[in-house]
Amino acid sequence: MSTSAGREPNLELRDFLRSRRARTSPGEAGLGPDNGRRRVPGLRREEVARLAGISVDYYVRLERGRNANASAQVLDAVARALRLDADERAHLFDLARPRPGSARRRAVPPQRVRPGLLRLLDSLTDIPAMIMGHRLDVLAANPLAKALYTDFDALPHRERNLARFIFLDPAARDLLADWDTAARGTVAVLRLYAGRHPDDPRLTELVGELSVHDEDFRQWWAEHDVLQYTHGPKHYRHPLVGELALDYECLPLPDDPDQALYLYTAETDSPSAHALRLLGSWSATDARARDADREDV
């Protein structure tokens, strides 16, 4: 049913606010203990409204996705009341952004990697490096990144996606030493992207495919957690070189914030650094062997 303003309710905003409210305890919000008298987890709607300094009716309409014109001041107040972190706050603003009532899902323009960036990737011979774009699509990867993860270039275009690899390729569960943490983070990154690009049909296709084939993805997607990749540790159990403890850095590209360069480094002279060099040597040898096979054909 349409709203009084002729718009459908914003279901993504509704579900996100409900999930954050259910997660926030009265103690965390500074309201004191609940003494076991609560019928639902987390805060009540009237408590969120009081903490945000707005009327209960206004907050109820906002949480039902029926207020398309919430001001930045109101959203800031709600974010503080629900103790949202920086990524969650950004997601709230994305979801609450007014959208044309006639908006239809349309293809997001394909992304291209500049030739200079491809040359940069090729020059990084000692560390894995990738460029990722919309929906965690792998747009380009250097040989060491392919040796670490998989040869994305050998896959059909629609399958060159990190989320698909993590959830649908059985090798990923062996490769990623803490698969649950990596996989949950991947879902949260896709959630954040969904708030920025709600009308991307390829995202809808990807989420549908992963939801059908993986119960963990389906459960975590429903939790509405969000995350922005920036930097952090990654741990691997590589079938050729064993344990790898790497640190990743995510560097968004200035002229296209939906493209980012990912670099994976190991501590100097660590066992992981030696293992990474061994992996690089193997990758180079394998590449020379493939080139020789092509010349013999």
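Reply: Start at arginine 237. Its place is opposite glutamate 243 in strand 4. A strand here is a DSSP run of E with at least two residues, a helix is a run of H or I with at least four, and both are numbered from the N terminus. This is a predicted model, in which local features need pLDDT of at least 70, side-chain atom pairs count only at pLDDT 80 or more, and totals for chains, interfaces and linings use all residues. Residues are numbered from 1 along each chain as its sequence is written, and side-chain values use heavy atoms, with hydrogens and water left out.

Now widen the view. Strand 3 (residues 231-238) and strand 4 (residues 242-253) run antiparallel, joined by 8 bridges. Two strands count as paired if DSSP finds at least two bridges between them. Proline 233 has its bridge partner in strand 4 too: aspartate 247. Between strand 3 and strand 4 lie 3 residues, and the two strands form a hairpin.

Strand 4 has another partner. With strand 5 (residues 256-265) it makes 7 bridges, again in the antiparallel sense. Leucine 253 faces aspartate 256 of strand 5 across this pairing, standing opposite it. These two strands also form a hairpin, with 2 residues between them.

What holds such strands together? Strands of a sheet pair through backbone hydrogen bonds, either parallel or antiparallel.

At the strand 2 end, 3 bridges join strand 1 (residues 129-132) to strand 2, and the two run antiparallel. There, methionine 132 stands opposite valine 138 in strand 2. Contact means heavy atoms within 4.5 Å.

Helix 1 (residues 11-23) and helix 3 (residues 56-63) pack at about 120°, with axes 8 Å apart. Leu13, Arg14, Leu17, Arg18 and Arg21 of helix 1 make the contact with Tyr59, Leu62 and Glu63 of helix 3. These residues divide into 4 nonpolar, no polar and 4 charged. (Ala, Val, Leu, Ile, Met, Phe, Trp, Tyr, Cys and Pro count as nonpolar, Asp, Glu, Lys and Arg as charged, and the others, Gly among them, as polar.)

Helix 1 also meets helix 5. Their axes come within 9 Å and cross at roughly 150°. That makes helix 1 roughly antiparallel to helix 5 (over 145 degrees counts as roughly antiparallel, under 35 as roughly parallel, 65 to 115 as roughly perpendicular and the rest as oblique). The crossing of helix 1 past helix 5 is left-handed, the near helix being turned anticlockwise from the far one by less than a right angle (clockwise would be right-handed).

Helix 5 (residues 86-96) packs with helix 10 (residues 179-196) as well, at about 30°, with axes 8 Å apart. So helix 5 is roughly parallel to helix 10. Helix 5 passes helix 10 in a left-handed crossing. On the helix 5 side, Asp87, His91, Asp94 and Leu95 make the contact; helix 10 supplies Arg191, Leu192, Gly195 and Arg196. They divide into 2 nonpolar, 2 polar and 4 charged.

Terms used: Axes are lines fitted to C-alpha atoms, for helices over the stretch in contact, and angles run from 0 to 180 degrees between N-to-C directions.
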